Amino acid sequence: MTLLLTVFLLLLSYFLFKSIYTFIWRPLKVQLHFQRQGLCGPPRHLINENAKEARELIARAQTEPLPLSHDVVSRVIPQYCHWSKQNGKTFLYWFGSTLWRTGDGQRGVGELEWCI
């Protein structure tokens, strides 16, 4: 019984450590790394990252009438328009525990590899 309890506590502590490392420590470390370089983005939330805000912006954009122009970016990806007005053309946002960078350069939008 003691061995089973010990194994259970070891597994529980491993998964707890792994979760804290994956969802809190590593993203915070990467975010601070890019903030020192001047890159920032919308505030990161712990559980759903920026997905909830993106869904709200998409829902709000779809309820508004479509403007009579060829500029449909604000309707198709309103989160990009909203966040680029707040943070400039190049900014970072979180999708799950993955960091994405947007920009007006040749690379555009792309997933950042963990560089730290």
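## Basis and overall layout

Helices (H or I, at least four residues) and strands (E, at least two) are DSSP runs, numbered from the N terminus. This is a predicted model, in which local features need pLDDT of at least 70 and side-chain atom pairs count only at pLDDT 80 or more, while totals for chains, interfaces and linings use all residues. Residues are numbered from 1 along each chain as its sequence is written, and side-chain values use heavy atoms, with hydrogens and water left out.

The protein has 4 helices and 3 strands, and along the sequence these follow the pattern α-α-α-α-β-β-β. With contact taken as heavy atoms within 4.5 Å, residues 24 or more positions apart account for 40% of the contacts that have a separation of 6 or more.

## Exposure and surface

Burial is assigned from relative accessible area, where buried means under 20%, exposed over 50%, and partly exposed in between (1.4 Å probe, protein chains only). By this criterion, 27% of the 116 residues of the protein count as buried. Accessible areas come from the Shrake-Rupley method with a 1.4 Å probe, and for residues only the protein chains shown count as cover; the protein exposes about 8,700 Å², of which carbon and sulfur atoms supply 64%.

Leu16, Ile20, Phe23, Ile24, Leu46 and Ile47 make a nonpolar surface patch of about 600 Å². Patches are made of residues with over 30% relative accessible area and no salt bridge, with like charges joined within 9 Å and nonpolar side chains (Val, Leu, Ile, Met, Phe, Trp, Tyr) within 5 Å; a salt bridge is a side-chain nitrogen of Lys or Arg within 4 Å of a carboxyl oxygen of Asp or Glu. Leu16, one of the patch residues, is found in helix 1 and counts as exposed because its relative accessibility is 53%.

## The loop between helix 1 and helix 2

Arg44 is placed in the loop between helix 1 (2–36) and helix 2 (51–63), and it counts as buried because its relative accessibility is 19%. The side chain of Arg44 reaches the backbone oxygen of Phe23 at 2.5 Å, a polar contact being a pair of N or O atoms within 3.5 Å, where within protein one must be able to donate a hydrogen and the other to accept it, and residues adjacent in sequence count only if both atoms are side-chain atoms. Leaving aside residues up to four places away in sequence, Arg44 touches Phe23, Ile24, Pro27, Gln31, Glu49, Asn50 and Trp94.

Gly38 lies in this loop as well, but Gly38 is exposed, with a relative accessible area of 58%. Its C-alpha is 9.9 Å from that of Thr90, although Gly38 and Thr90 are 52 residues apart in sequence.

## Nonpolar cores

A nonpolar core is a set of buried Ala, Val, Leu, Ile, Met, Phe, Trp, Tyr and Cys residues joined through side-chain atoms within 4.5 Å. The largest has 6 residues, namely Val30, Phe34, Leu39, Leu92, Trp94 and Leu99; helix 1 and strand 1 (91–95) each supply at least two residues of this core. A second, separate core of 5 residues includes Ala54, Leu57, Phe91 and Tyr93.

Leu99 lies in strand 2 (residues 98–102) and is buried, with a relative accessible area of 4%.

## Helix 4

In helix 4 (residues 78–87), the residues Pro78, Gln79, Cys81, Trp83, Ser84 and Asn87 are buried, and the buried residues of this helix pack against helix 2, helix 3 (73–76) and strand 1. Just after helix 4, Gly88 takes a positive phi of about 95°.
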